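This report is written for a reader who is meeting the structure for the first time. Please look over the sequence and the model below before reading on.

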Amino acid sequence: MINTQKHKTMNIAEREVLRENSQSQAIRVPVKLTNTLDEYFVEQGQLDPSQIHIYETEAKVDRSTVYTILPREVMQTLDLMIRSQRPVIIWDDGKQQIADFSESFKIELLGRQTGMGAIVLGDEVVLGRIALELLDLVVDEENRQVITNPAHPNGPVFRI
């Protein structure tokens, strides 16, 4: 965990080294992303199953990020629409930026699945805290991997 006070006093070169180190240590997991509207149209007999938009990749897991992040290219590959725009905090300098927010899609990972929208930004798929919570997955830091919650091995369980 980075001390935010110390992080604010770092110069640009120090921050870049820190970012590069965290990128090389990032936990990545295979995910399958699917356009859920396509699946609905298949169920209704209005679309051939071969026409479902699917994207499989290695996603970065980042518990400091709240939402899932999709690059615009991935959003377009999945044939998703923009549903709204939201302010996003850019970590390095604290500036706010308006970012697009996609319509919902399905995330499949470790035999679990959930639906959600994503912030359209950057150049890699990033799974944030909300996706991990919805999938009931935990980060095993010692072994540098994402695992199903040992307390709920048969599937997600939610507190209401």
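## The second largest pocket

The lining of the second largest pocket is made up of six nonpolar, two polar and five charged residues. The structure is a predicted model, and in it this pocket holds about 290 Å³ of space. Its lining has 13 residues, and those that lie nearest the centre of the pocket are Leu132, Glu133, Asp136, Leu137 and Asn149. Two elements, H5 and E10, each give two or more residues to this lining.

## The largest nonpolar core

In soluble globular proteins, nonpolar side chains tend to be buried together. Here the largest nonpolar core has 25 residues, of which Leu33, Leu70, Ile107, Leu127 and Val146 touch the most other members. At least two residues of this core come from each of strand E1 (27-34), strand E2 (54-61), helix H4 (72-77), strand E6 (105-109), helix H5 (129-135) and strand E10 (137-140). Strand E1 gives the most, with four residues.

## Asp38 and its surroundings

Asp38 belongs to helix H3, which covers residues 36-43. Because its relative accessible area is 8%, under the 20% cut-off, Asp38 counts as buried. When residues up to four places away in sequence are not counted, Asp38 touches Leu47, Gln51, Ile52 and His53. The C-alpha atom of Asp38 is separated by 9.1 Å from that of Asp79, a residue 41 residues apart from Asp38 along the chain.

Conventions. Residues are numbered from 1 along each chain as its sequence is written. This is a predicted model: local features need pLDDT of at least 70, side-chain atom pairs count only at pLDDT 80 or more; totals for chains, interfaces and linings use all residues. Side-chain values use heavy atoms; hydrogens and water are left out. Buried means under 20% relative accessible area, exposed over 50%, partly exposed in between (1.4 Å probe, protein chains only). Contact means heavy atoms within 4.5 Å. A nonpolar core is a set of buried Ala, Val, Leu, Ile, Met, Phe, Trp, Tyr and Cys residues joined through side-chain atoms within 4.5 Å. On a 1 Å grid over the protein atoms alone, a cavity is a set of points where a 1.4 Å probe fits but cannot get out, and a pocket is an open set with protein on both sides within 12 Å along at least five of seven lines; lining residues have an atom within 4 Å of a point. Grid points are joined across faces, edges and corners, and a volume is the space filled by probe spheres set on the points. Ala, Val, Leu, Ile, Met, Phe, Trp, Tyr, Cys and Pro count as nonpolar, Asp, Glu, Lys and Arg as charged, and the others, Gly among them, as polar.
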